[in-house]
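Here's a quick tour of one protein model, with a stop at a helix pair and another at a sheet. Have a look at the structure first.

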Amino acid sequence: MTNGNELSGDQKPNSLMLFGFWYRAIPSEQVNRNRLHKAILLETPLVVGRDAQGRAFALHDACPHRGMPLSCGRFDGQDVECSYHGWKFDAHSGQCQIIPSLTADQKLKVDRIYAGSYACEEHDNYIWVFIPEPKPQGAGFTKAVEPDVPAPRVPTFSDKFKIAHLTADLPVSVDHGIIGLMDPAHGPFVHQAWWWRSRHSIHEKQKNFEPIPYGFRMSAHTPSSNSAPYKLLRLYADADSITTTIDFVLPNMRLETIRAGKYWFSSLTTVTPITRSHCRIDVVAAWNLFRWCPLAPELLKFVFAKFVEQDRQTMEDQAAGLGYNPHLMLIDDADRPAKWYFELKAAYLESKRTGEEMRHPMAGPVTLRWRS
Ligand code: FES
Ligand SMILES: [Fe+2]
């Protein structure tokens, strides 16, 4: 028996991770030049560092000789040296440079050996790494896969702006992290604060959604007037209307843009799979509002940090419940974005499997209603 709200096959949080995308690996500030840093993305161990010029690199954190983590080794600003037998690898290409145990007449082709290397980009306070589709079992590494798109960026709309980021570990699978992020109904219960809203301000809402490539958009509109910050913004920007768009795009991105006259605020939030049961949320925000106010970045960071901490705490509590593998439901309309997420993910995986173009689960614009 099913009541229609039970989760069907491709709507289950199956914690499948999507390969073939850029992911945020580590905040830039955590990576200095003379140290090797560990990072894990999609259960792939990485060693991340910077060369003598400051350029970031990412290698598979397992020596192709006998599997020693390269992060245990030494780095001279150009090559990473494994701590076990001293093999050296170019930090960017991963190509082996030297095997100290070889005698002059032993003709092993050293330059054919690679420690896996990953395409790497750095901007908006983060080092991004491209995680390609896994190779067939037993295949060794060669050169890094060249992604055909650059790493995503926070949208900006003027030359001068401020930027800040924050990060938090979430003890749930990437699916629960993402649907928690796009869930409109938890606000009044999780994100209460006197300067934001109380649970009594709950009221009916109606929002328009439309399909976009690999995702969906909550279309531009004047945001609900029940929150003080928006009232303040309208006054400050002296703008008749404030438009916001919120996009979700596979594999894991939420982009929010608020524009009021010449002022703007935007953020790119990602939920990155670390393991099947663990993810990490990273928020990068950029804005040209209140640039004259020296305390604004701190204030904004405080607000964001508070929200993220409320979400993190909630998911930590939820993880305890999920540990018993309970039955789950997604209901209309509040959980429809979560349903779209699972359908998008399934459609993407299906397109990978068949080699055909991805079939978008939304036929056209949709209006959703809920109370929050
Ligand atoms: S395990 Fe790395 S050099 Fe032997
Ligand atoms: Fe939240």
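At what angle do helix 1 and helix 4 pack, and how far apart are their axes? In this predicted model, the angle between helix 1 (residues 174-181) and helix 4 (residues 296-322) is about 135°, and their axes are 11 Å apart. Angles over 145 degrees would count as roughly antiparallel and 65 to 115 as roughly perpendicular, so this one falls under oblique. That's why helix 1 is oblique to helix 4. The crossing of helix 1 past helix 4 is right-handed.

Who's touching whom here? On the helix 1 side you'll find His176, Gly177 and Gly180, and they meet Asp311, Met315, Gln318 and Leu322 of helix 4. By type, the residues of this contact split into two nonpolar, four polar and one charged.

Zooming out, the protein has five helices and 19 strands. Of its 372 residues, 30% are buried. Among contacts with a separation of 6 or more, 60% link residues 24 or more positions apart.

Four strands make up an open, antiparallel sheet, ordered 2-3-4-9. Strand 2 and strand 9 sit at the edges with a single partner strand each, so each has one side without a neighbour in the sheet. Further in, strand 3 and strand 4 pair antiparallel over five bridges. One of the bridges joins Arg50 to Ala56 in strand 4.

Here are the residue ranges of the strands:

| Strand | Residues |
|---|---|
| Strand 2 | 37-41 |
| Strand 3 | 44-50 |
| Strand 4 | 56-60 |
| Strand 9 | 117-118 |

Key:
Residues numbered from 1 in each chain as written. Chains lettered and ligands numbered in written order. Predicted model: local features only at pLDDT ≥ 70, side-chain atom pairs only at ≥ 80, totals over all residues. Axes fitted to C-alpha atoms, helices over the stretch in contact; angles between N-to-C directions. Helix = DSSP H or I, 4+ residues; strand = E, 2+ residues; numbered from the N terminus. Parallel < 35°, antiparallel > 145°, perpendicular 65-115°, else oblique. Left-handed = near helix turned anticlockwise from the far one by under 90°. Contact = placed C-beta atoms within 7 Å. Nonpolar A, V, L, I, M, F, W, Y, C, P; charged D, E, K, R; others polar. Buried ≥ 20, exposed ≤ 12 C-beta atoms within 10 Å, placed from the backbone. Pairing = 2+ DSSP bridges.
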